[in-house]
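Me: I am new to this structure. Please take me closely through its aromatic pairs and the parts around them.

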Amino acid sequence: MKLTGPQIISELRERLPFAMGRHLYVVLGSYSQLEHFERVDLTAASNRNGQPFPTPVNLNRQLLDSMDDANLRRLVSEEAHYPQAVRNHLNQALQSLLNTILQTEPLLIIKQVELVFAYGLDLSIFRTAATNQSHLLLLLPGVWLSSRVVLFHEADARFHQMLPENLVAENHLWELVDA
């Protein structure tokens, strides 16, 4: 569904009180639209109780920061020879990071997810983390084209990614339009 930033905030605000079920949401747009949405709309947003929305987490940075330097160097050196082992380690780090943050925050907003796609990490980790009282909003560079979500649409076509169709409920997926 194509909506403006304030309309998306309104849609999200209506869904936050629900405690049971899946709570994975996605906002699509160009990098500049997502930056504007974060800077203007999310900064001004609050939930029904008047509490401000949390600041979006840069997943690339948090994922790398969650690993000590020696472990990170080892992963880089083993990447070419053991890509599955590196992917498994990053999947575990992603799951641990999401679980840690969602233990204290009922809403987690994530931006800058390029590492997830570059390493082919398991996207179902997001869906699994976003259950019951935990709500997860992904800010993804992408567009809705012919009933498919194309990610990184501003990049060369060889870098485009498709969002799996059943990852996010259609009524939890919004594409930004300029007001």
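Reply:

**Aromatic pairs and their surroundings**

Phe152 is buried, because its relative accessibility is 11% (buried means under 20% relative accessible area, exposed over 50%, partly exposed in between, with a 1.4 Å probe and protein chains only). The model is predicted: local features need pLDDT of at least 70, side-chain atom pairs count only at pLDDT 80 or more, and totals for chains, interfaces and linings use all residues. Residues are numbered from 1 along each chain as its sequence is written, and side-chain values use heavy atoms, with hydrogens and water left out.

How many aromatic pairs does the structure hold? There are two. Rings of Phe, Tyr and Trp (its six-membered ring) pair if their centres lie within 6.5 Å; planes under 30 degrees apart count as stacked, over 60 as edge-to-face and the rest as tilted.

Take Tyr25 and Trp174. Their ring centres are 5.9 Å apart and their planes meet at 10 degrees, so this pair is stacked. It links distant parts of the chain: Tyr25 sits in strand 2 (residues 24-29), Trp174 in strand 8 (residues 173-176), 149 residues apart. Helices (H or I, at least four residues) and strands (E, at least two) are DSSP runs, numbered from the N terminus. Tyr25 is buried, because its relative accessibility is 0%. Trp174 is buried too, at 0%.

Now Phe117 and Phe152. Their pair is edge-to-face, with 5.4 Å centre to centre and 80 degrees between the planes. This pair also links distant parts of the chain. Phe117 is in helix 6 (residues 114-118), and Phe152 is in the loop between strand 6 and strand 7, 35 residues apart. Phe117 is buried, with a relative accessible area of 12%.

Next, the strands around that loop. Strand 6 (residues 148-151) runs antiparallel to strand 5 (residues 135-145), and four bridges join them. Two strands pair if DSSP finds at least two bridges between them. Leu145 has Arg148 of strand 6 as its bridge partner. The hairpin of strand 5 and strand 6 has two residues between the strands, and Ser146 there takes a positive phi near 50 degrees. Two bridges join strand 6 to strand 7 (residues 161-162), again antiparallel. Val150 stands opposite Met162 in strand 7.

Arg15 lies in helix 1 (residues 5-15). It is buried, with a relative accessible area of 13%.
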